[in-house]
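Biologist: I would like to learn how to read a model like this one. Please show it to me, and we can go through it feature by feature.

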There are 2 protein chains.
Amino acid sequence: MIDVRLAKIRSRMKEFDVESIAIFSSSDIFYFTGINNIEGVLIITLEDERLFVSPLYGQIAEAVLGDKVNVSVTLMKDIIDYLKKNDIQSLGLDFLSARIQYERDLSGFDIKDFTNQTKIVRMIKEKDEINSIKRAAFTARNAFMKVYPYIKPGKTEKEIADELAYQIRKAGAQKEAFETIVASGANASNPHHIPTDKKIEDGEFVVIDFGANVDGYNSDMTYTFLMGKKDDEKRRFFNAVFYAQLFATEMIAPGRTTVKDVEQRARDELKKYDLDKFFIHSLGHGVGIDVHEFPYINSKNSIVIEPNMIFTIEPGIYIPGKLGIRLEHMVLVKEHDVEVIAFTPFMEAI
Amino acid sequence: MIDVRLAKIRSRMKEFDVESIAIFSSSDIFYFTGINNIEGVLIITLEDERLFVSPLYGQIAEAVLGDKVNVSVTLMKDIIDYLKKNDIQSLGLDFLSARIQYERDLSGFDIKDFTNQTKIVRMIKEKDEINSIKRAAFTARNAFMKVYPYIKPGKTEKEIADELAYQIRKAGAQKEAFETIVASGANASNPHHIPTDKKIEDGEFVVIDFGANVDGYNSDMTYTFLMGKKDDEKRRFFNAVFYAQLFATEMIAPGRTTVKDVEQRARDELKKYDLDKFFIHSLGHGVGIDVHEFPYINSKNSIVIEPNMIFTIEPGIYIPGKLGIRLEHMVLVKEHDVEVIAFTPFMEAI
């Protein structure tokens, strides 16, 4: 499993003509070693891989990787020594995540641009990863179902968020995938609203964005509920978002559709309602070891959707001072279509 | 309050002879704008400051900063235009946090090394910051007291961690400062252990490391409890750590003691028990907007401890396969001595 991953990245290293890469991201380190939540530097060469960690992480690292670990208090020096000893000249770095200082420390090597390559490899999920992500999604939904009866006028946003955070852990998650968002009424016009002591009121839309972290993999989903009676205007707002999500999801033809086409499909649908100007973020993002990862589903990204990608489709509208609505589900791309993970039958047109 | 902070950093900018700095860290953006949890780029010049954000954050940013916000979908281009329009030639970056790509994007400017300067400014807390951090500490301790009666053999690590996470929120925190660690028996020999379904057993040490995030500021503390009967060996292990913490805390003379002296004092104490080799991390770290920030209390850091610093003192011993003990409290440096924040009278020599 790890071997397959290393083979994938080495194949890219050959393509980019680099003899080695340095990995600083703990998500990438988890992907390539199986060791989660560790800080260190993973050096991958064409023949070898070696994890450099401080003594703090020595015991955990060695338990998994044995003698492929280098415990040290002078990491950069030891990395340079290791590369020199192995006669390595070229080193690939991700310019979007590696720090300026790393490049300076490693200035004796031929530094090459290896930006985004680990993210591209991680974009196509393996079977065990898909299972973990599904577990993370069902765990979050199970937790949500426990909290669902309490979502009613009079409860505060924070009470619901705290309860959901608790139930996500109780349902078996290691932790929340991210801080749960509960946003009601005008507060929901901020997509990243932090739950407050504001009470939920009758007639408001309540946006609940949450996820679970299970086995090091995440889920991310958003439901929106209308408190109390529907009226024509509210029905129109909600259904615009609902159909934007539905049609964007249904249009996907694996191997042919580009992500920007999917984004465009959602925008087109919102435009029919003259609501596209209130859709102020991109349509979605990959989900896996990171809550937000490749592929990013936005209007600038023209990559083709391929089987075993997992990403969110989450159109929303945000009308300042008035309301917000977002519907987010995760899709697994299959050979001929997509599967909505942990599909929620209660999220339907109103 | 924000004005004082801007004045502090501008004084450093003059010292470093830079006309502008670019800030990418959301902690720094919070510090210099009062807007928390936002992504964007803050440009500070000697005369002006301007926050560049995507439309996603436009509403929140403008609500606080008004026309000092630039909402844009082409951030880097707009930043470059802004700098050029203001005839700015030199730009300071933190090389340890700024990405290689930023430096390349900004290659038309004279890039100067401004590494760690915002961290140095943030190291000395202002009155309102001290109050927030104290609230975060007392909130965490209040939450802990609710969970304390449940810490007994038969409970699992994860049950206690989940309950504490819940009570921290219930006590008024926005969220945990970090994922609570509950580590028992041999598990505690990993300082970063993630709570498992292992049941706590009689005779074990249980390490509980937790904190709260209140008003955007954090707390961080660790208690260790012995389940069941003391014996001479356990008493010796515990008291070694207890006295290391006590003497390291008591020795601090603000304006004179260096942080490495404090670290050394703790190590010396552990050495008396021949346990210093099991102390595998540094003695502490500053706490504030970030859970880990300046000053880092380690053997390489020779800065002098000054009033209004807040940092942890957390010696520990980690004996692989056997046990772990860590005691962590936060101290506020006063004019002539230090105050232990949210002092816990039940953590005493055994």
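Biologist: In what order do the strands of the open sheet in chain A lie?

Modeller: First, the ground rules. This is a predicted model, where local features need pLDDT of at least 70, side-chain atom pairs count only at pLDDT 80 or more, and totals for chains, interfaces and linings use all residues. Residues are numbered from 1 along each chain as its sequence is written, while chains are lettered from A and ligands numbered from 1 in the order in which they are written. Strands (E, at least two residues) and helices (H or I, at least four) are DSSP runs, numbered from the N terminus. Two strands pair if DSSP finds at least two bridges between them. Here the order is S4-S3-S2-S1-S5-S6, with mixed pairing. S4 (69-71) and S6 (110-113) of chain A each have a single partner strand, so one side of each lacks a neighbour in the sheet.

Biologist: Which sense does the pairing of S1 and S2 in chain A take?

Modeller: Antiparallel: S1 (residues 20-23) and S2 (residues 41-45) of chain A share 4 bridges. A:Ile23 has A:Leu42 in S2(A) as its bridge partner.

Biologist: How many residues does each chain bring to the contact?

Modeller: Contact means C-beta atoms, placed from the backbone, within 7 Å. Chain B gives 31 residues and chain A gives 31. On the side of chain B that touches chain A, H8(B) gives the most, with 5 residues.

Biologist: Why do the copies meet through the same surface?

Modeller: Because 100% of the interface residues of chain B are also interface residues in chain A.

Conventions
Two residues are in contact if their C-beta atoms, placed from the backbone, lie within 7 Å.
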